[in-house]
Amino acid sequence: MQTSLCIIGPLLVAATLLASSQGAPVNDTEHFATVGPDNNFRLGCQTFWPAIFNQWEVLELATGAPAIYGSSLPANTTGPQLVRGYLDTAVANNLNVMRIWAQTVIMAFVDNWVEGVDQYTGWAGAAAHVDFFTNAAVKQLYKDNVKALTGRMNTVNGRKYSEDPTIFAWDLINEPRCDTNCRAGTIANWVTEMAAYVKSLDPNHLLTVGEEGFYTSSANKTYCNPSSSARASSQSLLTRAHLCFASLTYLSALPLPLPLPLPLPTGWVSWVPSTGQDSIADHSSPDIDFVAFHSWIDNWQPGNVTEAFQRNWIECHADDGVQLNKPVILEEFGKYINLTTGADMEQRNQYYSIIFNEINQLTDAGKPIKGVGFWEVYMPGQDAPVSEGGGRGVYGIYPTDDTFNLISQQAASLNARAAAVAGCDAAANRAPLTAVQDCSSTQVKGLTGTGFEGPSCDVDINECVRGTDSCTSNAACINTQGGFACQCWLGYSGDGVASCTPTPAVLDLPSQYVTEATQDP
């Protein structure tokens with residue numbers, strides 16, 4: 001099965017696996033995604049229905065970091081190997097878009113939470129969170145980041161990101177919130193300015209905001225909002241991995257793993273209006289191509305998780321698409337597991353089914369909701385952080401979970417909606433051709449993923465990090481320019497490739513330091 005992976009970037013990065021009108025997989029890696037007059041996404045001469053999976057640690061993994069911020073690496077697995085596992089699993093289960101955080105590349109340019117907005121304000125010497133959206137120096141730092149990302153060269157295919165159809169769309173920011181001292185229109189004004197700037201550098205790719213999609217009174221849709229009680233506020237900030245605005249002192253006093261729902265800190269108040277979001281105003285800019293929203297029902301309405309709210313939240317945003325004449329994507333949602341509150345796997349499956357059913361019903365009724373993305377997939381052997389209890393944690397989903405079967409079925413349903421576009425010009429929206437060298441001659445003993453890569457075959461591949469070396473067990477891989485070396489561990493002998501056998505001294509270690517246990521004192 002041939003696929004192409006698109007990226008939605010905070011920026012959001014998205015992978016694209018298309019289906020023909022007969023449902024057969026097709027490959028389109030040369031066209032930029034667009035929005036047709038019927039508000040369907042298109043790739044080339046076919047409609048495209050995003051079936052998204054969120055994985056926020058991909059950038060760390062791809063660089064070969066020995067440890068990642070949140071979850072763990074499975075045993076004997078490098079970051080690049082885990083990324084390939086994600087992608088293989090996605091392709092096998094009909095998922096066609098990956099949303100990642102890279103402060104650049106369904107890539108998000110920046111995250112409101114982890115080392116994002118507050119990092120920018122700190123660099124600029126600004127004091128408040130809201131300064132990210134209003135301070136000229138902070139905004140210039142953001143623009144510099146956008147310019148660097150959109151102008152970066154893909155070392156594999158030789159294309160600038162702004163000219164790379166692998167990228168499906170950009171998110172301006174993941175879940176923007178102004179919080180205190182946020183005047184009406186602050187986020188909307190920032191979106192208008194930054195969306196125009198992004199499009200001036202990259203007119204090829206689709207663009208959205210990346211927010212949760214709350215409403216202020218100016219939108220006359222506050223009835224759609226989740227409960228704005230003080231208790232809901234505490235859960236919104238504390239039940240996800242994004243613990244950025246929570247007091248570290250308060251968190252450090254709680255037992256691990258963190259109890260869910262968390263006890264209410266004193267003095268927390270209504271939170272929805274303070275976010276500064278207004279879904280309609282924030283997506284009104286002509287440079288914003290589609291409406292994106294999120295859904296975190298456990299965080300927003302702890303103790304009041306209802307099917308009625310979930311369905312209404314989705315329908316409200318589908319109606320935004322009608323009003324703004326733009327397609328809509330539920331790009332991020334999750335349903336936590338917390339057995340102490342009855343939020344078990346059965347309830348998770350129930351709410352995934354509710355969400356997929358509501359989206360399908362609205363789509364069938366002609367509403368412009370065109371895609372959906374869940375949070376988040378874990379591969380076998382990958383564990384959530386201790387703060388979430390390890391294992392699948394609060395929101396993680398293993399491919400062996402029943403929930404993942406529901407996801408795969410929904411993705412297949414979306415792919416099956418793809419159809420040929422009548423009267424389409426196949427030459428339109430095609431990415432500029434880039435000559436890429438065949439670097440297979442640089443491979444080490446014909447091994448794929450070794451030697452050099454890049455447009456000029458001059459970018460060294462770190463086979464040890466990528467996991468493409470041929471070193472045997474009990475051997476260390478050492479990267480070299482254009483290759484690698486295998487060296488047996490201390491106490492082992494051999495060539496490092498065919499074998500590394502323990503020396504007599506190593507074999508004798510148990511007899512020197514291990515004794516039989518007895519029941520005597």
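A salt bridge here is a side-chain nitrogen of Lys or Arg within 4 Å of a carboxyl oxygen of Asp or Glu. With that cut-off, a search of the whole structure, which is a predicted model, finds 16 salt bridges. Let's work through some exercises.

**Exercise 1. Salt bridges**

Task: Find the residue that pairs with Glu-212, and say where the two partners lie.

Solution: 
- Step 1. Side chains of opposite charge can pair when their charged atoms come close.
- Step 2. The partner is Arg-177, and the closest N and O atoms of the pair are 2.6 Å apart.
- Step 3. Glu-212 sits in the loop between β12 and α7, while Arg-177 sits in the loop between β11 (167–171) and α6 (186–201). The pair links distant parts of the chain, 35 residues apart.
- Step 4. Both Glu-212 and Arg-177 are buried.

Solution: 
- Step 5. Arg-466 lies in helix α14 and Glu-453 in strand β16 (residues 452–453), so parts 13 residues apart in sequence are tied together.
- Step 6. Arg-466 is partly exposed at 24%, whereas Glu-453 is buried at 15%.
- Step 7. Salt bridges that share partners also join Arg-99, Asp-171, Glu-331 and Glu-332 into one network.

**Exercise 2. Disulfides**

Solution: 
- Step 1. The angle about the S-S bond is -80°, and the link is left-handed. Cys-45 is partly exposed at 25% relative accessibility, and Cys-424 is partly exposed at 27%.
- Step 2. Cys-464 lies in helix α14 (residues 463–466) and Cys-477 in strand β18 (residues 475–480), so the pair ties together parts that are 13 residues apart in sequence. The link of Cys-464 and Cys-477 is left-handed, with -70° about the S-S bond.
- Step 3. Cys-464 is buried at 18%, but Cys-477 is partly exposed at 24%.

**Exercise 3. Helix α11**

Task: Check the span of helix α11 against its number of residues, and list what its buried residues pack against.

Solution: 
- Step 1. The helix covers residues 307–324, which makes 18 residues.
- Step 2. The expected span is 1.5 Å times one less than the number of residues. For α11 this gives 26 Å, and the end C-alpha atoms are 26 Å apart, which agrees.
- Step 3. Among the buried residues of α11 are Phe-309, Gln-310, Trp-313, Cys-316 and Leu-324.
- Step 4. The buried residues pack against α9 (279–282), β13 (291–295), α10 (297–300), β14 (328–333), α12 (345–364) and β15 (369–374).
- Step 5. Ser-295 is found in strand β13 and is buried at 1% relative accessibility. Its contacts include Gln-310 and Trp-313, along with Trp-300 and Glu-332.
- Step 6. After α11 comes Asn-325, whose phi is positive, near 60°.

**Exercise 4. Nonpolar cores**

Task: Identify the residues with the most contacts inside the largest nonpolar core.

Solution: 
- Step 1. The largest nonpolar core has 86 residues.
- Step 2. The residues with the most contacts inside it are Leu-95, Phe-132, Tyr-142, Leu-172, Trp-190 and Phe-374.
- Step 3. Apart from this core lies another, of 13 residues, among them Phe-41, Leu-206, Ala-292 and Ile-329.

Terms used
Residues numbered from 1 in each chain as written. Predicted model: local features only at pLDDT ≥ 70, side-chain atom pairs only at ≥ 80, totals over all residues. Heavy atoms only, no water. Helix = DSSP H or I, 4+ residues; strand = E, 2+ residues; numbered from the N terminus. Buried < 20%, exposed > 50% of the residue type's maximum accessible area, 1.4 Å probe, protein only. Contact = heavy atoms within 4.5 Å. Core = buried A, V, L, I, M, F, W, Y, C linked by side-chain atoms within 4.5 Å. Disulfide = S-S within 2.5 Å. Lists of a residue's contacts leave out its neighbours within four places in sequence.
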